[in-house]
Amino acid sequence: MSSRPAPPPRSLSVAELDLDAPDGNVLSLRPAPGGPPLLSGGDVYALVRLRGRPAATVTGTVPEGQDAAGVLAALARARLATTGPRSDAERFAARSRPVPEGPPPRTSVIVATRERPGSLARALDSLLVQDHPDHEVIVVDNAPRTTDTRDLVTQEYAGRVRYVREDTPGLAVAHNTGAAAADGDVLAFTDDDVIADPHWLTALTAPFAADPGLGCVTGLILPARLSTPAQILLEAHGGFAKGFAPRLYDPAAPPADEPLFPFTAGSFGSGANMAFRAAALRKAGGFDPATGTGTPAKGGDDLYAFVAVLTAGFRLRYTPEALVWHHHRETWQDLRNQAYGYGAGLTAYLTATLVRCPRLLPALLARLPRGLAHARAMTASRGQTSGGGVPGEHGTHHHPWPRSLSRRERRGMLHGPLGYLAARTRGGKR
């Protein structure tokens, strides 16, 4: 007798819970930025903060009529007792955290966009209230079909946001254009579908002041909403989060737990939350214009840049204190497209790395069989990186990753090298 298909996941409210200590009192409970008010009962996904600092996530059901803060705080205390600052991993992370030396450097925030003025305005509003003392915001209007983005930036944000137009489609091209127009010592990049925490930019850029050899910093990405099955499924199987422990990647001391380093670039961070020392990005050659959304390669622009900076001799740091809230795509077709793009971007960036840095060929070939096996495993499990507290809980398979999406991702992996070469043929080569 065949088993019944699993019911679609229920929507969850997204919230922030702040405690004064791992086993302490509740300081506040509020909806995620831009999200609807919390309901009196139902499923809730919550970021747990410790006096404002991101520490974990929890998921729980708040019975009708019960105090949501009390229910979520009990779950948070239990999680922090095993995965919070008292754990060996967090104690190690605390020792490896840099101590900022002076104010964060002058920073340019670059947002590439195409025909999404509504979400762009939401992102810009969050970028203009950052506590970073010295930064500019640049919007790169990529291959626009209308004047909507230009009108928004030049009219609603005149004098506060710079507008730059780039007619060649492609996210990497747009990022390079923004970098060329920027005047910051550090270049921060985010997407038009995020809301940045007010401390995001300071947390993302302060490590550069503490470590002259640092070339790149990435940060934490959490879901802004979990309203549809596609959004919940993506987050239940990894999403964009890389956990709550800071991590330093040093090419001079490769991490023992990552034998494929530096070619597992997806573990370093994501393009919606990254910053580069401008000089390091220039030395690494910038973004490869034949990669990224908007090109036949479909993606891989951020992964390529991470590896390029590392192979140029710079260090990369992941810091969860630099937080943005990401609006995941809502529909099943969006998720299908995303799965295909993930696969294509992975092999496109590997192809770009070989083409642009042939000296890495021996190291890459030595790691490639294990790397592809790892990638295939990831398409089935979607990773276990956020430390729990996600819809369905990582590893429990409450919301199994459909085989059809794994197949889509594998097809994308086959497409990636061809897409990259097609993009170079069409003008991505430089």
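The structure is a predicted model, in which local features need pLDDT of at least 70, side-chain atom pairs count only at pLDDT 80 or more, and totals for chains, interfaces and linings use all residues. Residues are numbered from 1 along each chain as its sequence is written, and side-chain values use heavy atoms, with hydrogens and water left out.

The protein has 12 helices and 13 strands; helices (H or I, at least four residues) and strands (E, at least two) are DSSP runs numbered from the N terminus. Of its 430 residues, 55% count as buried, that is, under 20% relative accessible area with a 1.4 Å probe, protein chains only. Among contacts (heavy atoms within 4.5 Å) between residues at least 6 apart in sequence, 78% join residues at least 24 apart.

Helix α7 (residues 229-236) packs with helix α10 (residues 332-356) at an angle of about 35 degrees, and their axes are 8 Å apart. Axes are lines fitted to C-alpha atoms, for helices over the stretch in contact, and angles run from 0 to 180 degrees between N-to-C directions. On the α7 side the contact is made by A230, L233 and L234, and on the α10 side by W332, L335, Q338 and Y342.

Strand β12 (residues 273-277) contains N273. Is N273 buried or exposed? N273 is buried, because its relative accessible area is 0%. Leaving aside residues up to four places away in sequence, N273 touches F189, W200, L204, V217, T218, G219, L220, I221, A322, L323 and V324.

Notes
Buried means under 20% relative accessible area, exposed over 50%, partly exposed in between (1.4 Å probe, protein chains only).
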